[in-house]
Structure formats: C-alpha cells, structure tokens
Amino acid sequence: MAVKNEIDLRSDTATRPSPGMRRAMAEAEVGDDMFGEDPTVNRLEAMICEMLGKEAAVYASSGTQSNQMGVRIHCQLGDELLIESTGHIANYEQGAPAALSGVSCRLIEGDGGILDVGDLAGKIRPDNQHFPRTALVCLENTTNMGGGRVYPQENIDRICEWAHANGLPVHLDGARLFNAVTASGVPVDRMVRDIDTISICFSKGLGCPMGSILVGSKADIARARRVRKLFGGALRQAGITAAAAIYALENNLDRLKDDHAHAQQFTAGILKIPGITLAVPEVQSNLVFFYLAPELGTAAALSARLKERGVRINASGPQRLRACTHLDVTAEQVDTAVKIIGEVLSEGLGTADPAHASSPYARA
Ligand SMILES: Cc1ncc(COP(=O)(O)O)c(C=O)c1O
C-alpha cells in the first residue's frame with residue numbers, strides 16, 4: 001500500500017482521483033449502460049468521438065480490455081497480428097490475443113517501440129495453407145517499454161496507407177495517447193485520422209481511478225460492444241467512473257505538459273549522479289528509463305533502497321529502472337527524489353533486498 005508522503009514514480013496509474021474529480025463522480029447522473037441508458041457514459045463516448053473525429057466509442061474497464069476488444073473484432077481464430085517487439089498487447093497482457101481470440105503476435109523489431117513502413121514490408125504472410133492469415137497491425141503511442149517515445153506522424157500515416165492498401169486494419173494502443181498529443185503538438189483528430197480503432201486509458205496520466213475507451217467506426221464499435229459483454233466487461237451504472245473521465249478531459253489534458261517538464265527535470269537531475277545513464281536517446285514524454293552502472297549494484301537493489309527512503313521507482317531490467325511522472329508528483333518532489341537517489345548511491349547499495357522491487361515490467 002502506498003505510504004503517505006511517499007514519492008511514487010512507479011507509474012502514472014498511481015494517481016488518485018482529486019477532490020474535484022470525486023465530486024464529479026458523486027454527482028454523476030447514471031443509468032444502466034447495458035441498455036445504453038447511462039447518460040454520463042453516453043456523454044463521455046460522444047465527447048471522445050467529437051475529439052477524435054470518429055463515429056463511435058465504447059467505454060471499457062481497462063486498457064487491456066479495450067485493446068483486446070480491438071484485437072478480437074479485427075481478427076479471426078488462427079490469424080496473426082503485426083506488432084513492434086516491445087508492444088504491450090503482445091508482451092504485457094498475459095498472451096490475451098492467443099488466450100481470448102486465438103491470434104498469434106508476430107513481433108517486429110522497431111526503434112524505441114516505433115515502427116515504420118519499411119519494418120513491415122514483407123511481413124504479410126503469403127496466401128498459403130501453411131501460414132496464419134495476417135489480419136491486423138497494432139501500434140502503441142506513446143510507447144511504454146519502447147521508452148516513452150512518440151510516433152512521428154509520418155510513420156503513422158505511411159503505416160496506415162500501407163496497411164489499408166494491403167487490406168489490413170490498424171489498431172492503436174493509445175494508453176498514453178494524450179501524452180503523445182501533448183509531446184508532438186499534433187491535434188488528436190489528425191493523429192488518429194487514418195487509424196481504425198484506438199484504445200485510450202483514463203486511469204494513467206489523466207488521473208482517473210479506472211476506465212478506458214475504444215473508438216472507431218459505427219460497425220467496428222457495435223461489434224466491440226458485443227465483445228465487451230463476451231469478455232465479462234459489460235457495465236451498469238458506470239457513469240460514476242465515466243464522470244471521472246469527463247472531468248479529466250475537461251481539466252487534466254493541459255497539465256500533461258507539466259508531467260513532461262518534470263520528466264525532463266528528473267532526467268537532468270539523475271544524469272548528474274555518477275553511474276547513471278539514460279537508457280533511451282532522449283526523454284520525450286513522462287517516462288524516464290535509465291541505467292545503473294553494474295559496479296554500483298542492481299536496479300532491484302536500488303529500487304529496494306529507495307523504497308526505504310520513501311521513493312518508489314521500479315526496476316525494469318537487471319540494470320534498468322523506469323520512473324514515471326504524473327499529476328500526483330510535484331516539481332519539489334522530483335528534486336527530492338533526485339537528491340535521495342544521489343544519497344542512496346553515494347552511501348552504497350550494500351545488501352538491499354531486491355525482493356521488494358519487483359515490477360510487472362521487469363525482464364530477465
Ligand atoms: C501501453 C499500455 N497499453 C495498455 C496498458 C493496459 O492498461 P490496463 O492496465 O488499464 O489494462 C498499459 C498499462 O500499463 C500500457 O502501458
């Protein structure tokens with residue numbers, strides 16, 4: 001459990017609903033969403049369609065659920081999807097494409113989680129009974145394990161043009177779509193113009209307690225709504241949490257730039273500490289991946305020692321850590337965290353117990 005005054009840089013999912021958000025939730029008008037009668041859910045879905053310039057949307061419980069609804073509607077049993085090798089859909093959703101939809105993932109090496117059309121060329125399986133049918137391209141913006149990178153718009157445009165010319169739909173895992181919009185300055189409707197389905201999380205940088213949404217054409221979303229029920233995710237008086245999402249869209253978008261500034265501030269601070277280097281060429285959003293020199297200890301040991309000092313940062317590899325800025329972390333707390341990292345490393349990591357530092361993103 002998070003401790004009071006802890007500086008929690010593990011994830012933007014650590015955010016708690018603000019008093020204003022809680023008030024909006026308490027006052028939400030609700031109905032039965034399964035009957036299409038929750039006015040707040042309906043308003044959220046309409047708002048997102050308007051923002052993204054798409055026809056329809058369906059509110060979902062989590063990013064995993066809305067991603068997998070996307071996979072299911074675009075693919076049939078035995079199909080294959082194309083995805084960058086670090087992609088969340090392939091690596092961090094418990095094999096759900098296979099488990100829920102009978103779909104295999106073909107992992108394609110990109111750059112920082114980013115693909116370009118040249119990476120995809122030649123990856124569509126020939127029409128031959130030995131092969132799965134290539135059915136879908138999945139992108140992620142911002143990339144998570146790719147390093148918080150932001151897709152160049154030209155890549156998205158080229159990939160969509162290529163995919164559609166080859167009869168493949170494109171699904172975007174936009175768990176942090178508005179971070180990408182903030183960092184790139186590309187308007188959200190332009191960014192997703194050619195993308196078929198988009199999943200967006202409200203429970204990360206936008207500060208909601210839960211909730212995601214899948215956006216696309218009327219036909220795709222009608223099928224996704226059926227899949228949501230099949231996956232056990234149909235909702236009833238969900239206006240209570242949809243109200244949090246509406247509050248976030250109205251109040252928490254402009255401030256994402258502060259999280260990005262804090263990530264830059266954190267980066268500048270840690271790079272002054274001997275033994276720390278950046279694990280990506282540059283920090284582009286709210287995720288900072290960095291390496292600890294092996295002679296100083298392991299990432300898990302540093303994470304464990306920081307925890308003792310009230311700073312939470314997870315290991316994301318033997319020597320790699322990921323820090324994530326978000327709306328519950330202030331500029332002062334960023335400075336304090338940097339100071340504590342410096343102190344802990346200058347004291348030496350000793351025999352800190354790495355068992356306390358497990359991360360869902362840690363890799364062997
Ligand atoms: C890129 C990306 N996609 C999808 C998800 C899944 O979201 P959820 O935890 O709501 O299922 C996450 C969660 O961390 C993520 O980082």
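In helix α8, the residues Leu177, Phe178, Asn179, Ala180 and Val181 are buried. This description rests on a predicted model. The buried residues of α8 pack against a set of helices and strands: the helices are α2 (39-52), α9 (188-191), α11 (239-251) and α12 (256-270), and the strands are β6 (170-174) and β7 (197-201). The helix is followed by Gly185, a residue whose phi is positive, near 75°.

Asn179 is found in this helix, α8. With a relative accessible area of 3%, Asn179 counts as buried, because it falls under the 20% limit. When neighbours within four places in sequence are left aside, Asn179 is in contact with Thr142, Leu256, His260 and Asn286.

Rolling a probe the size of a water molecule over the atoms shows where empty space is left. The structure holds three cavities of 30 Å³ or more. In the second largest cavity, the space comes to about 60 Å³. By class, six of the lining residues of the second largest cavity are nonpolar, two are polar and two are charged.

The largest cavity contains about 80 Å³ of space. A total of 13 residues line the largest cavity, and those nearest its centre are Ile83, Glu84, Gly87, Leu139 and Glu140. Two strands, β3 (80-84) and β5 (134-140), each supply at least two residues of the lining of the largest cavity. The largest share comes from β5, with three residues. In terms of class, the lining of the largest cavity is made up of six nonpolar, four polar and three charged residues.

Not counting residues up to four places away in sequence, Phe131 touches Arg125 and Pro126. The C-alpha atoms of Phe131 and Lys257 are separated by 45 Å, and the two residues are 126 residues apart along the chain.

At the level of the whole protein, the secondary structure comes to 14 helices and 13 strands. The C-alpha trace spans about 60 × 55 × 35 Å along its principal axes. For 364 residues, a compact globule would have a radius of gyration near 21 Å, and the value of 21 Å found for the protein agrees with this expectation. Buried residues account for 57% of the 364 residues. Among contacts between residues at least 6 apart in sequence, 75% join residues at least 24 apart. The accessible surface of the protein comes to about 15,300 Å², and carbon and sulfur atoms hold 51% of it.

Key: Residues are numbered from 1 along each chain as its sequence is written. This is a predicted model: local features need pLDDT of at least 70, side-chain atom pairs count only at pLDDT 80 or more; totals for chains, interfaces and linings use all residues. Side-chain values use heavy atoms; hydrogens and water are left out. On a 1 Å grid over the protein atoms alone, a cavity is a set of points where a 1.4 Å probe fits but cannot get out, and a pocket is an open set with protein on both sides within 12 Å along at least five of seven lines; lining residues have an atom within 4 Å of a point. Grid points are joined across faces, edges and corners, and a volume is the space filled by probe spheres set on the points. Helices (H or I, at least four residues) and strands (E, at least two) are DSSP runs, numbered from the N terminus. Ala, Val, Leu, Ile, Met, Phe, Trp, Tyr, Cys and Pro count as nonpolar, Asp, Glu, Lys and Arg as charged, and the others, Gly among them, as polar. The radius of gyration is taken over C-alpha atoms; the globule rule is 2.2 Å times the number of residues to the power 0.38. Buried means under 20% relative accessible area, exposed over 50%, partly exposed in between (1.4 Å probe, protein chains only). Contact means heavy atoms within 4.5 Å. Accessible areas come from the Shrake-Rupley method with a 1.4 Å probe; for residues, only the protein chains shown count as cover.
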